[in-house]
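This report describes how a protein chain is folded and packed. Please look over the sequence and the structure before reading on.

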Amino acid sequence: MADDKSKIGGPDRSRVAGNQHQEVTFLADKFDISMEQARNLIERYGNNRAKLEEEAAKLQEPDQ
């Protein structure tokens, strides 16, 4: 059965699908971290986007 297109928004955006390459790539690119670092964060902290972004920000290199 097809997805219900009327049910979109919030809940899906609050989670990171760690098994989807584009989601991991987006997280890595957004915070300028490696794909491996992004995968490790997902493994360690789960798929909560807010927590992952908080932890990814800690890994960012300061601009030089």
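The text below moves from the chain as a whole to its helices and its core.

The model is predicted, so that local features need pLDDT of at least 70 and side-chain atom pairs count only at pLDDT 80 or more, whereas totals for chains, interfaces and linings use all residues. Residues are numbered from 1 along each chain as its sequence is written, and side-chain values use heavy atoms, with hydrogens and water left out.

**The chain as a whole**

The protein chain comprises four helices and zero strands, in the order α-α-α-α along the sequence; helices (H or I, at least four residues) and strands (E, at least two) are DSSP runs, numbered from the N terminus. Of its 64 residues, 23% count as buried, where buried means under 20% relative accessible area, exposed over 50%, and partly exposed in between (1.4 Å probe, protein chains only). The accessible surface of the chain is about 5,100 Å², and 47% of that area belongs to carbon and sulfur atoms; the areas come from the Shrake-Rupley method with a 1.4 Å probe, and for residues only the protein chains shown count as cover. Among contacts (heavy atoms within 4.5 Å) between residues at least 6 apart in sequence, 40% join residues at least 24 apart.

**The nonpolar core**

The largest nonpolar core has eleven residues, namely Val16, Val24, Leu27, Ala28, Phe31, Ile33, Ala38, Leu41, Ile42, Leu52 and Ala56; such a core is a set of buried Ala, Val, Leu, Ile, Met, Phe, Trp, Tyr and Cys residues joined through side-chain atoms within 4.5 Å. At least two residues of this core are supplied by each of helix 2 (21-31), helix 3 (35-45) and helix 4 (49-59), and helix 2 gives the largest share, with four residues. Once residues up to four places away in sequence are set aside, Ala56 touches Leu27, Phe31, Ile33 and Leu41.

|---|---|---|
| Helix 2 | Glu23, Val24, Leu27, Ala28, Phe31 | His21, Gln22, Asp29 |
| Helix 3 | Ala38, Leu41, Ile42 | Glu36, Glu43, Arg44 |

The buried residues of helix 2 fall within an arc of 130° when seen down its axis, so they line one face of the helix, the arc being that of the directions from the helix axis to the C-beta atoms. In helix 3, the buried residues fall within an arc of 95° and so likewise line one face. The buried residues of helix 2 pack against helix 3 and helix 4, while those of helix 3 pack against helix 2 and helix 4.

Glu23, which lies in helix 2, is buried, with a relative accessible area of 18%. Leaving aside neighbours within four places in sequence, Glu23 is in contact with Arg15, Val16, Ala17 and Arg49.

The axes of helix 2 and helix 3 come within 9 Å and cross at roughly 105°; axes are lines fitted to C-alpha atoms, for helices over the stretch in contact, and angles run from 0 to 180 degrees between N-to-C directions. The two helices are therefore roughly perpendicular to each other, a term for angles of 65 to 115 degrees, with those under 35 counting as roughly parallel, those over 145 as roughly antiparallel and the rest as oblique. Across this pair, His21, Val24, Thr25, Leu27 and Ala28 in helix 2 meet Met35, Ala38, Arg39 and Ile42 in helix 3.

Just after helix 2, Asp32 has a positive phi of about 55°, and Gly46, which follows helix 3, has a positive phi near 85°.
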